[in-house]
Amino acid sequence: MAGTKNHDYHILAPDIWPFIGSVSALTFTTGMVLFMHEMASANLVLGLGIAGLIATFFSWFANIVREAEGGDHTPVVQLHMRYGMILFIASEVMFFVGWFWAWFDFALFPAPLEFVDGVTNSLFQQEGEAAARTFPPAGLEVLDPFELPLLNTLILLCSGTTVTWAHHSLIHGDREGLKQGLWATIALGVLFSGIQAYEYGHALNAYGFGGNTYSSGFYMATGFHGFHVLIGTIFLAVCLFRTYKGHFTPRQHFGFEAAAWYWHFVDVVWLFLFIAVYVWGGWGATIH
């Protein structure tokens with residue numbers, strides 16, 4: 001019969017949300033440029049962009065959930081969605097490779113940062129060029145890696161085991177184990193974020209965001225990781241909400257699987273950050 005579907009692929013119906021998402025992304029980036037240049041209407045443009053992106057995420061993802069529950073995610077569709085998630089995580093890996101590259105460049109080839117926003121770097125003024133050519137700069141107090149950073153490392157490692165517990169429970173049809181594992185993972189993610197916020201409060205007393213390459217690299221690398229932890233926590237919270245609505249089966253649970261992959265990626269990145277930034281990066285410096 002003409003029009004009869006004779007393949008396993010899901011052909012999407014026309015949708016306005018990709019267009020709205022593109023316009024919102026352009027509005028958001030424009031607002032960021034205006035904000036960085038402290039221009040008028042920056043907050044309005046930025047706010048419209050953020051609101052549009054949030055609406056796009058919510059509506060587009062809701063459509064995907066409806067497609068999954070409606071049986072449109074056949075095995076071949078799930079396979080290609082896995083390919084997409086793998087490529088997305090690969091792009092995130094390269095994002096952090098850039099920050100690690102910058103960090104090691106600063107550490108192995110330190111140079112004094114003489115001017116920040118047109119003002120001579122106070123560390124350069126006080127200590128002189130020779131001292132400023134060390135990494136971290138001479139006189140800078142850094143965080144003790146074996147206090148809060150080590151605690152957060154243990155928390156994230158534990159969260160990796162709880163999300164694996166949840167995944168294992170789902171595969172074996174244990175809905176209660178799935179819920180408990182997700183609750184535990186989300187709680188550990190929130191605890192990690194809270195401890196990192198507390199840690200930043202102490203770090204800011206020792207060094208601000210600008211002024212030297214150590215502090216800028218530290219806040220950018222760990223800050224972006226913290227943002228990814230926040231996104232991963234939201235991702236898992238959505239999975240928990242869907243679990244209570246009866247979604248996911250042992251054979252079809254790509255949404256949860258993608259969240260688990262993302263969370264493991266966040267775990268691995270933190271291990272590299274802990275070793276490279278906290279331990280190796282602050283070796284021999286004064287502990288704050």
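Modeller: A word before we start: UniProt positions here follow the numbering used for this model, feature names are shortened, and annotations may be inferred rather than shown by experiment. The model itself is predicted.

Colleague: Happy to begin there! Which residues does UniProt place in the feature "transmembrane region"?

Modeller: The feature comes from an unreviewed UniProt entry. That record gives residues 16-36, 42-62, 83-104, 182-198, 218-241 and 261-281.

Colleague: How far apart are the end C-alpha atoms of residues 261-281?

Modeller: Let's take residues 218-241 along with them: that span is 100% helix, and its end C-alpha atoms lie 35 Å apart. Residues 261-281 are 95% helix and 0% strand, with end C-alpha atoms separated by 28 Å.

Colleague: Is Phe 248 buried or exposed?

Modeller: Phe 248 sits in the loop between α7 (213-244) and α8 (254-280), with a positive phi near 75° although the residue is not glycine. Its relative accessibility is 5%, and buried means under 20%. Therefore Phe 248 counts as buried.

Colleague: And what is the relative accessibility of Ser 41?

Modeller: Ser 41 also has a positive phi, near 65°, and belongs to the loop between α1 (17-36) and α2 (42-69). Ser 41 counts as partly exposed because its relative accessibility is 44%.

Colleague: Which charged residue takes part in the contact of α6 with α8?

Modeller: Helix α6 (residues 175-206) packs against α8 at about 30°, with axes 13 Å apart, in a left-handed crossing. From α6 come Leu 178, Leu 182, Thr 185, Gly 189, Phe 192, Gln 196 and Glu 199, and from α8 Phe 256, Trp 263, Trp 270 and Tyr 278. By class there are seven nonpolar, three polar and one charged residues.

Methods. Residues are numbered from 1 along each chain as its sequence is written. This is a predicted model: local features need pLDDT of at least 70, side-chain atom pairs count only at pLDDT 80 or more; totals for chains, interfaces and linings use all residues. Side-chain values use heavy atoms; hydrogens and water are left out. Helices (H or I, at least four residues) and strands (E, at least two) are DSSP runs, numbered from the N terminus. Buried means under 20% relative accessible area, exposed over 50%, partly exposed in between (1.4 Å probe, protein chains only). Axes are lines fitted to C-alpha atoms, for helices over the stretch in contact, and angles run from 0 to 180 degrees between N-to-C directions. A crossing is left-handed if the near helix is turned anticlockwise from the far one by less than a right angle, and right-handed if clockwise. Contact means heavy atoms within 4.5 Å. Ala, Val, Leu, Ile, Met, Phe, Trp, Tyr, Cys and Pro count as nonpolar, Asp, Glu, Lys and Arg as charged, and the others, Gly among them, as polar.
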